[in-house]
Amino acid sequence: MRLRSAALAAFVAVCAVAFPTHAADPLTLDDAFLRVADTHPDLRLFGARHEALAAELERASLRPALVAGAELENMLGPGPASGLDSAEITLSLASVLERGGKLDARRTLAQSRIDALAIEREAQRLDLLAEVARRYLAVVGAQREGELAQLDVDQRERTVVAARRRHEAGASPESVVLTAQAALARSELDRARARQRQAAARQHLAALWGERNPAFEIVGGDLLAVPQIADFAVLADWLQRTPELAQFVDQQRIGEARLQLARSEATPDFDWQVGVRRMADGDDFGLVGSVSIPLGTTRRAQPGIRAARAELTALEIEREAMGLSLYSTLAEAHGRFEVARLEAQRLGVELQ
């Protein structure tokens with residue numbers, strides 16, 4: 001679907017050469033592209049998402065926090081431990097010593113998500129440009145339908161005038177005049193419908209950049225002028241550079257970063273603590289310290305490692321399926337374009 005949208009955007013961009021504008025302040029297709037690119041919320045949303053991911057990167061770069069503590073022992077008990085005279089006070093500082101490259105793995109994962117955001121934004125931008133192209137062409141087509149409807153009304157009005165003159169001269173019955181008037185009424189109705197479709201198409205286009213009362217003008221040229229496009233083999237080679245497939249490269253980097261983070265969990269971390277203890281007599285001080293390490297971390301990390309590997313394998317299969325789907329879509333779209341181009345050329349020859 002996105003390939004078809006991107007192809008349509010590129011096609012209409014080339015077609016803009018065939019649609020010259022002459023109004024004082026016309027809206028060209030490039031102008032519509034710029035308005036949407038600057039104002040559409042779907043694209044502005046990526047700025048906020050980038051800020052959120054940048055904050056995630058900053059948080060992932062933090063080392064384990066230092067924990068300050070205080071501990072009182074042998075206090076408020078019966079006998080010699082009553083009160084605070086025999087209390088022992090320990091001031092400590094503790095933290096976690098990370099091992100196995102966990103910090104680098106977290107950083108890599110957060111940075112890969114930021115990098116993938118640019119490709120995602122480009123894919124969204126192409127989708128929007130394709131939608132702009134469709135709506136722009138709808139306005140051009142509606143304007144041409146309105147022009148044809150006006151020509152038909154003018155012709156019907158002349159027919160009514162001619163039929164009325166023939167009737168007044170006694171050359172034709174009144175039914176001929178009534179028939180011509182009915183045809184004129186139908187033509188006027190078609191013209192009103194065409195104008196309504198044109199207004200709706202203009203509003204539909206302007207809605208992409210939030211304009212409620214569109215005041216732009218679009219002047220279309222030769223609608224039968226179809227540009228040349230690259231051969232199918234060339235377009236098929238370009239598929240490898242589409243954002244849809246480029247996203248899989250970034251997703252693979254993210255998957256590899258997740259796998260590395262899962263592997264780092266197999267290496268246990270050390271919990272350490274050091275402090276100073278005041279003895280009960282109040283005159284002596286001593287250093288205290290402790291180190292602890294969890295057991296069985298390798299076994300507990302294996303499910304996460306297997307899940308990360310499975311995600312990478314599934315990602316490769318998804319990329320292959322997307323490549324086949326894009327190729328099939330390209331083949332269909334290219335074939336339909338060639339057929340439409342031949343029909344337009346044939347119609348242009350017949351109208352000459």
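This briefing describes the overall make-up of one protein model and then selected parts of it.

The structure is a predicted model, in which local features need pLDDT of at least 70, side-chain atom pairs count only at pLDDT 80 or more, and totals for chains, interfaces and linings use all residues. Residues are numbered from 1 along each chain as its sequence is written, and side-chain values use heavy atoms, with hydrogens and water left out. The protein contains 8 helices and 4 strands; helices (H or I, at least four residues) and strands (E, at least two) are DSSP runs, numbered from the N terminus. Along the sequence, these elements follow the pattern α-α-α-β-β-α-α-α-α-β-β-α.

**Overall composition**

- The protein has 352 residues, of which 31% count as buried; buried means under 20% relative accessible area, exposed means over 50%, and partly exposed lies in between (1.4 Å probe, protein chains only).
- Among contacts between residues at least 6 apart in sequence, 78% join residues at least 24 apart, where contact means heavy atoms within 4.5 Å.

- Strand E2 (residues 88-97) runs antiparallel to strand E3 (residues 270-278), and 9 bridges join them; two strands pair if DSSP finds at least two bridges between them.
- In this pairing, Leu97 stands opposite Phe270 in E3.
- E3 also pairs in the antiparallel sense with strand E4 (residues 285-292), over 8 bridges.
- Trp272 stands opposite Val291 in E4.
- In a regular strand, side chains alternate between the two faces of the sheet.
- The loop between E3 and E4 holds Met279, which is partly exposed at a relative accessible area of 29%.
- Not counting residues up to four places away in sequence, Met279 touches Ala87, Glu88, Asp284 and Gly286.
- Met279 and Glu73 are 206 residues apart in sequence, and their C-alpha atoms are 9.8 Å apart in space.

- Helix H7 (residues 243-264) has 22 residues and reaches 31 Å from its first C-alpha to its last, close to the 32 Å expected at 1.5 Å a residue; the expected span is 1.5 Å times one less than the number of residues.
- The buried residues of H7 include Leu245, Phe248, Asp250, Ile254 and Leu259.
- Asp250 and Glu120 are 130 residues apart along the chain, with their C-alpha atoms separated by 9.7 Å.
- Glu120 belongs to helix H4 (residues 102-168) and is partly exposed, with a relative accessible area of 30%.
- Leaving aside neighbours within four places in sequence, Glu120 is in contact with Phe46, Arg49 and Gln247.

- Leu208 is placed in the loop between helix H5 (174-206) and H6, and is buried, with a relative accessible area of 7%.
- Leu208 touches Val36, His40, Glu131, Val132 and Arg135, not counting residues up to four places away in sequence.
- Between Leu208 and Pro41, which are 167 residues apart along the chain, the C-alpha separation is 9.5 Å.
- Leu34 is found in helix H2 (residues 29-39) and is exposed, with a relative accessible area of 52%.
- Leu34 and Leu129 are 95 residues apart in sequence and 9.3 Å apart in space, C-alpha to C-alpha.

**Aromatic rings**

- The structure holds 2 aromatic pairs; rings of Phe, Tyr and Trp (its six-membered ring) pair if their centres lie within 6.5 Å, with planes under 30 degrees apart counted as stacked, over 60 as edge-to-face and the rest as tilted.
- One of these pairs joins Phe232 and Tyr327 edge-to-face, at 5.4 Å centre to centre and with 70° between the planes.
- Phe232 lies in helix H6 (residues 232-238) and Tyr327 in helix H8 (residues 297-351), so the pair ties together parts that are 95 residues apart in sequence.
- Phe232 is partly exposed at a relative accessible area of 24%, and Tyr327 is partly exposed at 41%.
- Arg202 lies over the face of Phe216, at 4.8 Å from the ring centre; a charge sits over a ring if NZ of Lys or CZ of Arg is within 6 Å of the ring centre and within 35 degrees of the ring normal.
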